[in-house]
Structures are given as C-alpha cells and as structure tokens.
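Okay, thanks for coming, everyone.

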Amino acid sequence: MTQGRLIAVVGPSGVGKDSVMRALAGIEPRLDIARRCITRPPDNGSEDFDSVTVTRFEALRADGAFALNWGAHGLFYGIPHSALHGLVDGRDVLANLSRGALPDAAARAARLHVLSLDAAPEVLAARLHRRGRESAKAIGARLARSGAPVPPGVPVTRLWNDGALSDTVEQARAALYPASG
Ligand SMILES: Nc1ncnc2c1ncn2[C@@H]1O[C@H](COP(=O)(O)OP(=O)(O)O)[C@@H](O)[C@H]1O
Ligand SMILES: O=P(O)(O)OC[C@H]1O[C@H](OP(=O)(O)OP(=O)(O)O)[C@H](O)[C@@H]1O
C-alpha cells in the first residue's frame, strides 16, 4: 500500500496552525492529527497534546520514542512514532512542526507535504494577546522568532490565514485533495 503523506503545518506562533489542523481534520476523513508531547502545562487551547515534564521528555527521547523532536520558546516538543502509525495504513497525518524540523521530517517520511501558513505581524500579535496563554514578554519573543526556510524540493502549499478560518481550511483542502471538489 502507498504510504500516506506527512503534512507538516508550519508558520509563526499564533498564525493558526492548530486551529486549521483541527478544522481540516473535522471535514476531511482521510486526515489524522499527530498528538504531540510538549513540556507545557495542560490548557484548554486549540491543541490536544500530551503534557510532560522535562525529565519525562528526556526519558522518552532517550528511549527513541520520538520520530521528530525539537526545542523552541523554552519548551520541548516531540512527535512520537506512535502518532504516525496512520501513514503505513495509507492515511495522511497532519503535524504541527517547527520549520527547523523539516529537514528531519523530509529524511524520515516517505512522502512529505508542507502546509505553510502566514499572517500579517499585527494579526499575529492580536491573536497571541487574545489567546492569552503567554505573558506580554513571551509573546514578544514569539513574534521576534524567524523560522527556517522550507527545504528545497519539498512540495509546499502556502496560504494566508489573515481572513476567515473557514476560507483557509477550504483552500487547504482544495490544495491537498484537488480531486475532491
Ligand atoms: N483565521 C482566523 N481568524 C481569527 N482567529 C484565528 C484564526 N485562526 C486562528 N485564530 C485564533 O488565533 C489564536 C492562535 O491560533 P492557534 O491555532 O493556537 O495558532 P498556532 O497553533 O499557530 O500557534 C487562537 O486563539 C485561534 O482561535
Ligand atoms: O521553528 P519554528 O517554525 O518557529 O517553530 C517553533 C515552534 O513554534 C511553533 O509553535 P507555536 O508557536 O505555534 O506554539 P505552540 O505549538 O507551543 O502552540 C511550532 O509548533 C514549533 O513548536
């Protein structure tokens, strides 16, 4: 069976990666979402993640539990191998990734597609403040971070998520599944 695509959703903090992933998986039955391990306390935000301590994260990493892992914003993030099982069954899997993890993702996934989201700086700032998860200082640091470029040769769909979420989701679906109408 042809392996599914790992669909890496990337872009600056607050651009709407988790919101787009959740809405897209809600309307597209061929898509799973990779649940991440993050060294952040649990919250009621747009992402369903496994909250772990740094000690636990390091133990999981040492055990080889992660297909991909990285650090950003003073946190550690990991995608467990178990979160990517759908790929071998031919299912497409959405994963919120650091742009810096894309070279590793390209090396590991048989098929990688990047969904790169962007929005104007003032939109990002307003969303992060409205989300209210970080302090003003931490939000400033998130806004100042510039991500790595998409590695050459990897198929990429670039979308603006400045407007309605539903518009972005429809555009993403049309780009990923052009025949579905
Ligand atoms: N198109 C949109 N229009 C308005 N608000 C949005 C849109 N997309 C996301 N948001 C909001 O912006 C905030 C950040 O979204 P989130 O999905 O957590 O971003 P990221 O995962 O990229 O950090 C959330 O409060 C979310 O509800
Ligand atoms: O190297 P970069 O491409 O800048 O990405 C670094 C991190 O930032 C993004 O998270 P986000 O800011 O959305 O925060 P969250 O995943 O902790 O919500 C992304 O999910 C990465 O974990």
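Quick caveats. This is a predicted model: local features need pLDDT of at least 70, side-chain atom pairs count only at pLDDT 80 or more, and totals for chains, interfaces and linings use all residues. Residues are numbered from 1 along each chain as its sequence is written, while chains are lettered from A and ligands numbered from 1 in the order in which they are written.

Now the sheet. It's open, with 5 strands in the order β2-β7-β1-β8-β9, and the pairing is parallel. Pairing takes at least two DSSP bridges between two strands; strands are DSSP runs of E, at least two residues, and helices are runs of H or I, at least four, numbered from the N terminus. Why do β2 (31-33) and β9 (156-160) each have one side without a neighbour in the sheet? They stand at the edges, each with a single partner strand, so that side is left open. Strand to strand, the twist averages 25°, with axes fitted to C-alpha atoms, for helices over the stretch in contact, and angles from 0 to 180 degrees between N-to-C directions.

Two helices to point out. Helix α1 (residues 17-27) packs on the sheet, touching β1, β2, β7 and β8 (112-118), and runs at about 160° to β7. Helix α6 (residues 165-176) packs on the sheet too, touching β1, β8 and β9, at about 165° to β9. Contact means C-beta atoms, placed from the backbone, within 7 Å.

Last, the loop between β1 and α1, where G11 sits. The unreviewed UniProt entry annotates a "binding site" covering G11, P12, S13, G14, V15, G16, K17 and D18; such annotations may be inferred rather than shown by experiment, and positions use the numbering here, with feature names shortened.

So, is G11 buried or exposed? Buried, because 22 other C-beta atoms lie within 10 Å; the cut-offs are 20 or more for buried, 12 or fewer for exposed, partly exposed in between, with C-beta atoms placed from the backbone. Beyond four places in sequence, G11 contacts K17, S116, L117 and D118. G16 is also buried, with 25, and touches L117, N161 and L165, again leaving out residues up to four places away.
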